[in-house]
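Here's a quick tour of a model, meant to be read with the structure open beside you. Take a look, then work through the sections below.

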Amino acid sequence: MNVRLPIINWLVVLLLLSLSASAQQVRRARRIVPDSIDTKKDTRRGPYTIVASAGSGLSYYSTHVLIPDALEQSHLSRFGVPASFRLMWHPDHRLRIGLESGWVPMYSYRGQITGEPARVNISVIPVLVVFSMPLAWLSGTERSVARRMAVTVGSGYYLNQSRLRYAGDVIGSKNSLGWMAAGSYTHPIGRRFRVAGELKWYDAVSAENAAFTAEVQLVWRAFSW
Amino acid sequence: MKRYCYLVPILFVIAFGGCRKDYEAPLPYTFINSSGSGRFSPAVRQALEGVYVVSDGSTQFGSEVVLKWSYLLEGTDSTHYLSVFTGLDAAYFNLEGSAQTDSLVLNGYWRKLVNADIGLARLVVQAKHNGRLQAFSGNLPAGDTLVIKGLYGAGKNTPSLPLTLQYRRPLNKKPFNIMAHRSGGRTADLLPASENSVAIIKLASRLGATGVEMDVRYTKDGVPVLYHDNTLNLRLIEKSGLTGSLESYTYKQLSALVRLINGEQIPTLEEALEAVVYNTGLKFVWLDTKYVGPMDPIQAIQQKYLQKARQAGRDLNIVIGLPTTDALDSYKALKNKANTPILCELDTAITRNLNAGIWAPRWTLGPQTDEVLAMKAQGRTVYVWTLDEPTFIEEFINQNKFDGILSNYSPVVAFYHYTEQ
Amino acid sequence: MTTFQHKRIRDYLFVVFLLGIPCFTTAQSVESKPRKSEIYFPQAPLPRTWRNSLGLVFTTTPPELTEEIRVSVPAIDLNFQRGLTKRLFFAGRFQTQFVQNNLSLGLRWARPITDRLAVSAGYDVSGWGGALKIKDVFSSQAYGLESMPNVSVGYHLKSDLRLTVKSEVILDHYYRSEVGTLAIVRDRSQVNGFALTVVLEQPLYNQRYVSAGFRAAYSNFNWQLWSLYDTFDRNLFYPQLIFAFIL
C-alpha cells in the first residue's frame, strides 16, 4: 500500500476536479416542480465601496489575572486606551468583508520584589479578517434605527506583547489565534463620513487575553465603483 | 421570526467562545513518604516484583500487570514505592507501604494516563497456601503463591471495587532503557508534577522509567535551565502575562516571576542533575539540546555530574543529545570532546562520523531493522523516540532490536517490556 | 482469501467506485434554473442538477496535540450535491490538504416545515487518508473510515439570508496506521464525537452566494491530525471556520 495510497489520493483529486468541470453540461430534462424556486433576480450589479474606519476609546481587561506571589504591594490596572482601524469592502449585498488591526492594551501590574521595583505591561495587536452585517433585515423598514446597527465578527492572529521592567527591560511577544465580536451603531455626518460607536470583545484565545472595548470611530467611505 | 434573528449572534458567541474543556486529574491520595521500608523489607520487596494475573479488576486494568519497586533518597533516608503497570489505557498504580505492623498493606492511587480517570487503592499482600489465603511472612515456601487483594475506587471515593492479583512469573530481566520524556512526562497528561521540573524527575521511577530526557535551554544570562518550548506560554507556565522566548529573560527574572503550571520553579540543569544523582536511582539522562549556541557550559555540567555520580557509587550515564544540525555544529565546536558521551538523532552516516555511542531515530520512520542491526553491530546503542501509541510500543518491543524507548507513557513501555517472554 | 487479497479487492472496488462517479454527471434543466444559493440549507437541489461550492475550511489545532504551535490549518473544501428526487439528494464533500484528504459521500432528505423553516436528515460516510515521507522524520501513512449521521435545521430569513444549524455524530469504523513496515489496525465501530455547525448563506457580491460559518467539533480523533498520533482518550475541541463560494 506504500505507493498506492498517494496515487489514489491524486486520482481522487483529479476525478473530482473533472467532475466539477463536467457538471456544466446542459441538456433537456423533465420539468419537476421543487419545493420552492428563486424568482428571476435583477442581475445588474450594485455599487461596491471601500470603507476605512479608525477609532479609539476605552478598554477593560475582562479575564483572570495572576499576579506572581513574589510581587509585594502589587497594583493592578485593567483599563487602557485602545486604537483600531479597519478596511472593509462593502459589496452590493448585506455581508461585508475586511481587515482589522490596531493596538489594545490589556492590563498592567506593578509592585516590589525584595525591594526592587517591578512592572509588567501586557497588550495585543490584532490582525483579523472580519465579517460585518447590518441589522436592517431585522425590521425590514428603511427608516429604522436597526439599519444603522451592525454586528461584526472576526478571526485571525493576535500578537501578544509583554513588557517587563525588573532587573532589566524585556519585551516579549508571541502570536496567538483568536476572535472578535462587536456591535456598532453608525450615524452619517456627511456624504462620505460617518461616526460610529462600537462595543467590542477581543479574545486572544491561547494567551487567555480578552478585553472589552468601547470605541468611537470615524468611518470614511473612500471610493465606490 | 425576530427571536431567531437574535439567536444568530448568540450562537456565534457561544460557538466562538472558550469551549475547550479543561481536564484535571487531582491526586486523591497524599503520600506519607515515611523513610525506611517498614514491613516491606528488601526480601519482601524482591519477592513481590513480578508479572501478576488480574482476576478481579481485569476490565479496568487488563489481564496482566507488572509490579515493580522504586525508591527516592533524601540524604541517607530512602523511601520505597510500589508501582503497578498495566497494559490498558496506560493505567498505573503508585503505592506506598502502610505503617501498619500486623500485615503488609499498600496504600496509594491508580491513574489512567490516556484520560483523567483516577482513584484510590488499598491492597494487602498475602500468600496462598494449599488454596487458602494467609498472611505473608516474608518467606514463600515452594508451592505457595503471592496474592495481592484489595479495593480500588473512583476519585476521592472510598475504594469499593475488588482487585485481585496473583503472582505468575518474574519480570523480564533483559536490559532495556525505559526513558521518560520531558524528565518524567508531559504536562498535558495531568501528572501531579509539571514536565521538566525537579518534582517530576523524582516521580519518574515510579512511572516505570529507568532514565529521563531533559530539554535544555539557556537564559539570557547563560544559565542552563530545563524548558521545552521556544516561548513562555500557558501550556507550561502559570499566567503571569510574560511572553516571548525564554532566552529573552534572565534567570533572576524567571525565578522571581515565572512558575510552571503546577507551581514549581523552572529548574536549572544543575538542580535537575543534583536530584537525579542524589535523590533517585535513575540510570540514564539524555540532555536534549534545545538551545542554539556554545555547548561548553553543558559539557562542563555533564562532566561534573558524571564525576559526582561516580563518587556517589551511582550507575549513571549522562549523554548530550544532538537533534539538529545546529546542535551538531555546537558539538563540533567543542575544543575537547573527551568524556563527552553523545546521542545522535540524525542519520546513521552522521552518527558514524561522530562515533556517537547512541543512535536515536524517530519511531515514525518504522522499525528500520537493517539500519538498527548495522548500528548495533558497530557496538552502538539504539533508542527510538517519542513513542506513545500503546499498540506500537508493543510492536517495537516485540521487534527485540531496540535497546530502549523514549516515551511519555513510561508505564506502558514498562508493562510491555517486563511482561515480554 | 488472504487478508492481502481482501485488501486488493477493496482497493480495486474503491477505484471502480470513483471512476463511476462521472456517471452521475450533469443535466442543468433549461426550463427551471437550479438554485445556486445554498449548500448547507436543508433543501434538495432540483433533481438531476448539481450544486457545488468551493472554499476553505480552517481548523484550529488543540494544544494537547500541537502544544506551543497553535495554528489554524487550512484545507481546500469542495462540496458537491446532486438532486435525486424532490426531497432526496446526494451530498458529497472533498477536503484536501494534499498530504492528506477526506472524501465524504452521503444522502440527505430535506423537507420544508413552514415557508421559512426546513429540516433535513442525512447520513454521510467519509474515507480519509494521509501519507508522509520526510527524510529522517516520517515514513508513515494512515487511513480510515468514519460515518456521520446528521440533522440540519434551516431558517430562511428575509432578504435572501439563510441560517442553518447542523448537528452531527461522528462515528469511527476503521483506522489503519503504518510506520515503515509495521502496521496497526483498529476496526471496532465506536462513537468518536459530535459536531455542531452554524452557517449563514447569502449573496456576497452580484449573483455570487457564499457560505460562511463555524463548526465546533468535540471528538477523540480528527483525521487532519493523524500524524500527531493522538493518544488522549478525551474529546478535544476542534473549532473550524468555513468560507466557501457557491458555484
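How many contacts beyond four places in sequence does the model have for residues 36-40 of chain A, where pLDDT stays under 50? The count is six, with contact meaning heavy atoms within 4.5 Å. pLDDT is the predictor's confidence in each residue, from 0 to 100.

Taken as a whole, chain A has a mean pLDDT of 84, with 77% of its residues at 70 or more. Residues 20-34 of chain A also have pLDDT below 50, and this stretch has 31 contacts in the model beyond near neighbours in sequence.

## Ground rules

This is a predicted model, so to speak plainly: local features need pLDDT of at least 70, side-chain atom pairs count only at pLDDT 80 or more, and totals for chains, interfaces and linings use all residues. Residues are numbered from 1 along each chain as its sequence is written, chains are lettered from A and ligands numbered from 1 in the order in which they are written, and side-chain values use heavy atoms, with hydrogens and water left out.

## Nonpolar cores

A nonpolar core here is a set of buried Ala, Val, Leu, Ile, Met, Phe, Trp, Tyr and Cys residues joined through side-chain atoms within 4.5 Å. Buried means under 20% relative accessible area, exposed over 50%, and partly exposed in between (1.4 Å probe, protein chains only). The largest core has 55 residues, and Trp363(B), Phe392(B), Ile393(B), Phe396(B) and Ile405(B) touch the most other members. Helices (H or I, at least four residues) and strands (E, at least two) are DSSP runs, numbered from the N terminus.

Leaving out residues up to four places away in sequence, Phe396(B) has partners that include Trp363(B), Phe402(B), Val179(C) and Leu182(C). Apart from that core lies another, of 42 residues, including Val51(A) and Ile113(A).

## Where B meets A

At this interface, 24 residues of chain B are in contact with 34 of chain A. There is one salt bridge between the two chains. Lys252(B) pairs with Glu116(A) in a salt bridge (a side-chain nitrogen of Lys or Arg within 4 Å of a carboxyl oxygen of Asp or Glu), with the closest N and O atoms 2.6 Å apart. On the side of chain B that touches chain A, α1(B) gives the largest share, five residues.

## A loop residue in B

Ala154(B) sits in the loop between β8 (145-152) and β9 (161-169) of chain B. Ala154(B) counts as partly exposed because its relative accessibility is 46%.
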